[in-house]
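Dear colleague,

Please find below the structure that I am handing over to you. I would be grateful if you could read the notes that come after it with the coordinates open.

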Amino acid sequence: MKRTLYRYFPLGSEEQLRRFLLVMEGHIYFASPVSFNDPFEVSNVLPVPTKIEFERALHSTVSDAGNLTKSAKERLYRSIASKVVSESPPLVTIDWLSQIGILSLTESNDDLLMWSHYASNHTGVCIGLDSDKEPFDSAQTVEYTADRLLTTANVAALSDEELVRQILFRKSRQWAYEREWRVVKRPVREEEKIFYKKLVIDEPDMLDQVAQVLSNEGGSGLYEFQSTAIRRIYLGARIDTCVREKILDAVVRLGLNARIFQFVLDRRYFALVPQRVR
């Protein structure tokens, strides 16, 4: 069964409505994590190395480490541990972060807080996207944890995939209600561009494959997707009537097959009830 992932959109201004209409046409924005509202975003820190990791690093970098006394090693270990705790440098730079593109999605379409925080206090919309279609098919779940530490002090021991997972897909447990999934677009490095350019010159038949790779990456910015991936459109319980009509008109104009629902407030419970529009 296909999983539907959701994205909330605020519609508090004409500019926000214009951006949402672009989404309906098949253009969606991947934002830099620098702009996210969580100050702890991608701010993981290194844990204190274990004594075993310390011993290995010591013997691999200091030629006469074997001549150090046990007490000297202990003092050195405590000094390093203290510096890691108090002076641990950021694992990634602001420049690197500003180039990364992230699309945040969620499993939930009816969360009261999500509607309040990300959809203009219930005046916006929420769309359901087919996770079998690009670029949503590469979405991964976010892990919610109590600490900011990486699983190991030895970053070099982590594969690129593991490091990205720990940096970009871990958040505080206080955000767990968001049930977030993320799609990440990394910037294409200059050496990669040179490689692909040479590849196309040497093997012209590879042009389409190279174009596909480059179109799937590139960092933050606007990306195209098939608008048929939009399976549901949920209108907020407080959506403006004129905005509602503009969205319904756009659905007809663009020939979208998405089902449309209007949320209303439940009369008994603190819950949102979807009512089918078309």
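The notes below set out what was found in the structure.

This is a predicted model, in which local features need pLDDT of at least 70 and side-chain atom pairs count only at pLDDT 80 or more, whereas totals for chains, interfaces and linings use all residues. Residues are numbered from 1 along each chain as its sequence is written, and side-chain values use heavy atoms, with hydrogens and water left out.

Overall composition

The chain contains 9 helices and 12 strands; these are DSSP runs numbered from the N terminus, with helices being H or I of at least four residues and strands E of at least two. Of its 278 residues, 38% count as buried. Here buried means under 20% relative accessible area, exposed means over 50%, and partly exposed lies in between, with a 1.4 Å probe and protein chains only. Among the contacts in the chain with a separation of 6 or more, 79% are accounted for by residues 24 or more positions apart; a contact means heavy atoms within 4.5 Å.

Nonpolar cores

A nonpolar core is a set of buried Ala, Val, Leu, Ile, Met, Phe, Trp, Tyr and Cys residues joined through side-chain atoms within 4.5 Å. The largest such core has 34 residues, of which Phe20, Met24, Leu105, Ile233 and Ile247 touch the most other members. At least two residues of this core come from each of strand S1 (4-9), helix H1 (14-24), strand S2 (27-30), strand S3 (101-106), strand S4 (125-130), strand S8 (180-185), strand S10 (230-235) and helix H9 (241-254). A second, separate core has 10 residues, including Tyr234, Phe261, Phe263 and Leu272.

Leu105 touches Leu5, Tyr6, Arg7, Leu129, Phe136, Ala139, Arg179, Glu180, Trp181 and Val183, when residues up to four places away in sequence are not counted. One of these partners, Glu180, belongs to strand S8. Glu180 counts as buried because its relative accessibility is 4%. Apart from its neighbours within four places in sequence, Glu180 is in contact with Ser104, Leu105, Thr106, Gln140, Thr141, Val142, Tyr144 and Lys171.

Packing of H1 and H9

The axes of H1 and H9 come within 11 Å and cross at roughly 25 degrees. H1 is therefore roughly parallel to H9. The axes are lines fitted to C-alpha atoms, for helices over the stretch in contact, and angles run from 0 to 180 degrees between N-to-C directions; angles under 35 degrees count as roughly parallel, over 145 as roughly antiparallel, 65 to 115 as roughly perpendicular and the rest as oblique. On the H1 side the contact is made by Glu14, Leu17, Phe20, Leu21 and Met24, and on the H9 side by Val243, Lys246, Ile247, Ala250, Val251 and Leu254. By class, this contact has 9 nonpolar, no polar and 2 charged residues, where Ala, Val, Leu, Ile, Met, Phe, Trp, Tyr, Cys and Pro count as nonpolar, Asp, Glu, Lys and Arg as charged, and the others, Gly among them, as polar.

Thr241 is also in helix H9. With a relative accessible area of 57%, Thr241 is exposed. The C-alpha atoms of Thr241 and Thr123 are 9.9 Å apart, although 118 residues separate the two along the chain.

Gly221 is placed in strand S9 (residues 221-224) and counts as buried at 14% relative accessibility. Beyond residues up to four places away in sequence, Gly221 touches Ile28, Tyr29 and Phe30. Ser32, in the loop between S2 and helix H2 (51-61), is buried at 12% relative accessibility.

Backbone details to check

A cis peptide bond, with omega about -5 degrees, joins Glu134 and Pro135. Pro135 lies in the loop between S4 and strand S5 (140-141).

Asn121 is not a glycine, yet has a positive phi of about 55 degrees; His122 has a positive phi near 75 degrees. Asn121 sits in the loop between helix H5 (112-118) and S4, and His122 is likewise found between H5 and S4. Asn121 counts as partly exposed at 45% relative accessibility, whereas His122 is buried at 10%.
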